[in-house]
Amino acid sequence: MTELYIEGDPIRDEKAPEGPIQERWDKRRFSAKLVNPANRRKLSVIIVGTGLAGASAAATLGEAGYQVTSFCYQDSPRRAHSIAAQGGINAAKNYRNDGDSIYRLFYDTVKGGDFRSRESNVHRLAQVSVEIIDQCVAQGVPFAREYGGLLDNRSFGGVQVSRTFYARGQTGQQLLIGAYQALERQVAAGTVEMNTRHEMLEVIVAGGRARGIIARDMVTGEIETHFADAVVLATGGYGNVFYLSTNAMGCNVTAAWRAHRKGALFANPCYTQIHPTCIPVSGEYQSKLTLMSESLRNDGRIWVPKKGGDPRDPRDIPEEERDYYLERRYPAFGNLVPRDIASRAAKNVCDEGRGVGPGGLGVYLDFADAIKRMGRPAVEARYGNLFDMYQRITGENPYEVPMRIYPAVHYTMGGLWVDYDLQSTLPGLFVTGEANFSDHGANRLGASALMQGLADGYFVLPNTVNDYLADGPFEKLDENTPEAREASETVRARIDRLLSINGTRTVDSFHKELGQIMWDYCGMERTEEGLRKAIDRIRELRGEFWQNVRVLGSNDELNQALEKAGRVADFFELAELMCIDALHRRESCGGHFRAESQTEDGEALRDDDEFAYVAAWEFAGTGEQPVLRKEDLEYEYVEMKQRSYK
Amino acid sequence: MATERTFRVWRGDDDGELAEYRVEVNEGEVVLDVLHRLQATQVPDLAVRWNCKAGKCGSCSVEINGRPRLSCMARMSTFDPDETIIVTPMRTFPVIRDLVCDVSYNYQKAREIPSFTPDPKTEPGDFRMYQADVGRPQEFRKCIECFLCQNVCHVIRDHEENKENFSGPRFLMRVAELEMHPEDTADRRNIAQEDFGLGYCNITKCCTEVCPENIRITDNSLIPLKERVADRRYDPVVWLGSKIGLRKGADTPMVPNTRPGREAEE
C-alpha cells in the first residue's frame, strides 16, 4: 500500500495546555496573548463563509474591534446551508435534571465519535455549549419553551439524556437568523465589510503566513486580491463529492482544498457521515437529496417487512410480519442508535432484499403508534413542518402512510487539521465549523454540528486568534507582491484552461460519475479491493475531465458552469485522497466501515493498537503520493472501549 | 412515464426574451428538475440560481406562468398535461442573467431595522417566555427570504420610485416580529410608519397569497403592526400623555448610516 502514500514525521497539537481537563480552556485563554482595543483597529481578518461558524465569528471579531472582511458565494449570509439544520443544538445545561453534565456531554461525544477525537477539544466544546444557549436567547432565537416558560429540551440519537434545545424543526434557520442579525449589525456599524457573490479560489501565502485570498466576483468575473493579517475558513464540508447528498448544491471543498495545496494538512478525509433519515432517491436526473430531521426517530418506529418483496400496502402488513430491526438488535437505544449504526442497519436490510419502495432502497419510518399514543395534534406540534416538507416533496401524507427513508451523505467529520487554537498548519490560517476536523472524531452525534459551529465562532476563535494577531500587523502587501501575483495568475490560468478545453462532456456528467464511484466504493461500506478500484477510476476520470470537459461562455459574466467546473476539479483530487485515507485505515470506526474489520454481529471493529491516531495528510502535488503525518490520540479521561448500544 | 413538454424560458438580462424548448418531464418532478435537464441536455449556459432544493434557502424564486413560485417546490403534476410552462425571473428586481436577479435591495432594507434589544437587566436563564409568545414571532421567522412577497407587492412591483421609502412585506413583518417579542425593549413603531412605509400597504394580501411557507403575513403581522402604529401615533390619550410627559420611552431610530443619501438630506 505504501506505493500510494509516504509516511512522514508525526504531528502534535502544541496549544492545549497540560493539567486537569476542566481547567485547560481557562488556562489557554489566560495564557494567550491579548491585543488591546486600540490596536485591534489596525488588524484585519478575512472570514470566508457566512454560515453559523463564519457569521458568528465575523460578528464577534467585528464587535471586538478588528477590521473584518467577510465573503460568501451566496446572495446573502442568510442563504448559507446552516439554514437547513432541523433538529436542534446540544448543551449540557441539565435543565431536565436527568443526569446530564459537561462531563457527560464530553463523554457522549468522544464515545459517539468512536474514540477518534481529541479529548481537550471535545471537553472545551462541552463547556462552551452552555454559553451558546444564553447567547442565542439574548439574540431573540425562539427556542421552544415548556409549560412554565423555561427552555424545553428533547433527546437526540446516541444519548440517553434530554439536552437538545430546539426551535420546532427549524433550529438551524433560527440560529442562523440570530447570527445573521448580529453580523448585519456589524456591517451597519462599519466593522465588517461584506462581500456576497464572491467565491474564494486561492489563498495567498507570503513570508510563511496566510495573508489573504484571491476571490472571483461571480457576477462580473473580476478576479480580486484581498489582504489581511489572518484568514479564517468557515467554508463547510465536502459531502458533495458524492454528487447526491443532503448538502446544498453550492457546498464545495474548493476553499479548503486550495489551502491544503498551499500547505495546510487535511485530516481524516475518509470520515463521512451517512445520515439515516433522508428521502430516498427517486430518479436518474435527481440533483440533490433531502434530509428529514433525525428527531423523527424519537417517536417514529423504523421497520421493514420480514419477508422481502412484500407487495402489500404497509398499513395492511400485520404487526407480527414486521421487523422493527433497530429495536430488535439494540434494545437499550432502539431507534435512537447513532447515525452510522442506523444507516448501516438500513443498508443491510435493503441488501437482504427487504427494502421498500422503488428499487428496494428504503425503509419505513412509521408514526402510527405515536399518533395513537399522543394524538395527532401532539405529533403535529412536534413534527408538523417536517411532515409538511415530506408531503411537499414526495406527494405522500405521512400522517396516513409510513414515510420511506434511506441513508444519504450528510456531514463530513474530516477537514483541515487544526490545533487547539483552531489554527491550521499554515500559520495565520484558522479553520472553524464543519471545515475543520477537530471535535467529532469518526462520527458526529446529532445536534452537535450547530453546537460546534457556534462554539467555534462565538467563543473559541475570538479567544485564540488574538494570540496570533498580537504579533501583527504584519508587513503591508499589495497586488505586486510576488506571492499575491502568483496566486492571482494561478487562478486566471486555471479558469482559462477550463474554458479552453472545449470538449464534449458537461461538468455535471463528470461530477455524477465521480459521485457514483465514491458512493459505491467509499460510501457506507468500504473494502480494500473496492477502494483500489475507485482510485484507478478516479484518476482515469480526472484525466478525461481535463481533456474533455465542456465549459461554455466566458469568465466575464455570471457563468455557473465555470463555477462548477472549478469545484468539480477540486473534488477529483479530494476524492482520491479520501480513498487513500480509507484504504490505509484498515479498521472500522464510526462512519468509516471497512468490511474486513467487523465483529461477529457486524458492528464496526476498531483497532486501537494500530489506528488510534488522526491521519493528517500533506499535499505533495497532483497525482503525487501524499505524505501521512500521524497525530497520536491519548485518552486520559475516557476509557476506550468497543461501542455498544445494545 | 416520461412526456415531452414545452417550456418557454427567459434568456438574457432585462432586455432579454423568451426562448422555447421541448423537454422531457418525468413523474414526480418539479420545475427546477426540468430546468436542470434543460441545462444538462440543451442549454448548458442557462443561469438558474438554486441551492438547497428543499424549499429552505429561498434562492430559486422565479415566476412560473406569471405566478411567483419557488421552482424547487413547483410540482409538474400541478400543471395541465399540455400546458406550456413559462419561466421568467422575478419582475421587481433587476435581472443579472436568465433567471437570476439582483435582490440586493432587500438586504439593504434588512440592515435599516434596529436589531433585537433585550433588557440588559435580564440574567441568562432568568427570562421566562410562554410557548404562545414564542409561537407568534416564530411564524414570521419561518420566512426563508425568497422575496416572492416583495416581488408581488404592487407598491414596488409597479413603482420603482417607491423602493427607497418602502421596505416591503418581508421587512415590515420583521419589524412586527421584533415588536411582538416580550423581551424586546426597542420601539420601532414610529420608524415603521415614517421610514419603512407601512402606510403604503393597503392590505391586498398578495404577499400572503404567494408565501411558500404559508405565513399569514397580512393578517398576523402587517395588520397588528398597523394597529400598534395607530395606537402610538394617533390615539389622543397617548398623544396627550406624551405631551405632558406621562409616557416615557423614546422612539428607536432607524439604524444610522444604512440608507444612502439620508445624511446629506438632514
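Helix H6 (residues 171–189) of chain A and helix H12 (residues 449–469) of chain A have axes that come within 11 Å and cross at roughly 10 degrees. Angles under 35 degrees count as roughly parallel, so H6(A) and H12(A) are roughly parallel to each other. The H6(A) side of the contact consists of Thr171(A), Gly172(A), Leu175(A), Gly178(A) and Ala179(A). H12(A) answers with Leu450(A), Leu454(A) and Tyr458(A). By class, this contact holds five nonpolar and three polar residues, with no charged ones. The model is a predicted one.

Glu184(A) forms a salt bridge with Arg111(B). The closest N and O atoms of this pair are 2.5 Å apart. The pair crosses between chains, running from helix H6 of chain A to helix H2 of chain B. Side chains of opposite charge can pair when their charged atoms come close. Arg197(A) pairs with Asp102(B) in another salt bridge, with 3.6 Å between the closest N and O atoms. The count between chain B and chain A is four salt bridges. Over all chains, the whole structure has 89.

Now take the interface as a whole. The size of an interface is often given as the accessible area lost when the parts come together. Here chain B and chain A bury about 4900 Å² between them. Of that area, 50% is on carbon and sulfur atoms. Which residues of chain B lose the most area to chain A? They are Asn51(B), Gln138(B) and Arg141(B), together 15% of what that side buries. In terms of contacts, 59 residues of chain B meet 56 residues of chain A.

Polar contacts cross this boundary too. There are 24 residue pairs in polar contact between chain B and chain A, counting pairs with both residues at pLDDT 80 or more. Several elements of chain B each supply at least two residues of the side that touches chain A. The helices are H1 (31–41), H2 (104–111), H3 (131–141) and H6 (168–180) of chain B. The strands are E6 (95–97) and E7 (100–101) of chain B. H1(B) gives the most, with six residues. By class, the side of chain B that touches chain A has 30 nonpolar, 12 polar and 17 charged residues.

Some local backbone features remain. In chain B, look at helix H10 (residues 236–243). At the start of H10(B), a side-chain oxygen of Asp235(B) reaches to within 2.8 Å of the backbone nitrogen of Val237(B). After H10(B) comes Gly245(B), with a positive phi near 80 degrees.

Chain A has its own points to inspect. Most residues other than glycine have a negative phi, and most peptide bonds are trans. Asp114(A) is not a glycine, yet its phi is positive, about 55 degrees. Asp114(A) sits in the loop between helix H4 (102–112) and helix H5 (119–138) of chain A. The peptide bond from Gly472(A) to Pro473(A) is cis, with omega near -10 degrees. Where is Pro473(A) placed? Pro473(A) is in the loop between H12 and helix H13 (482–501) of chain A.

Key:
Residues numbered from 1 in each chain as written. Chains lettered and ligands numbered in written order. Predicted model: local features only at pLDDT ≥ 70, side-chain atom pairs only at ≥ 80, totals over all residues. Heavy atoms only, no water. Contact = heavy atoms within 4.5 Å. Buried area = accessible area lost by both parts, 1.4 Å probe. Salt bridge = Lys/Arg side-chain N within 4 Å of Asp/Glu carboxyl O. Polar contact = N/O pair within 3.5 Å; in protein donor to acceptor, adjacent residues only side chain to side chain. Helix = DSSP H or I, 4+ residues; strand = E, 2+ residues; numbered from the N terminus. Nonpolar A, V, L, I, M, F, W, Y, C, P; charged D, E, K, R; others polar. Axes fitted to C-alpha atoms, helices over the stretch in contact; angles between N-to-C directions. Parallel < 35°, antiparallel > 145°, perpendicular 65-115°, else oblique.
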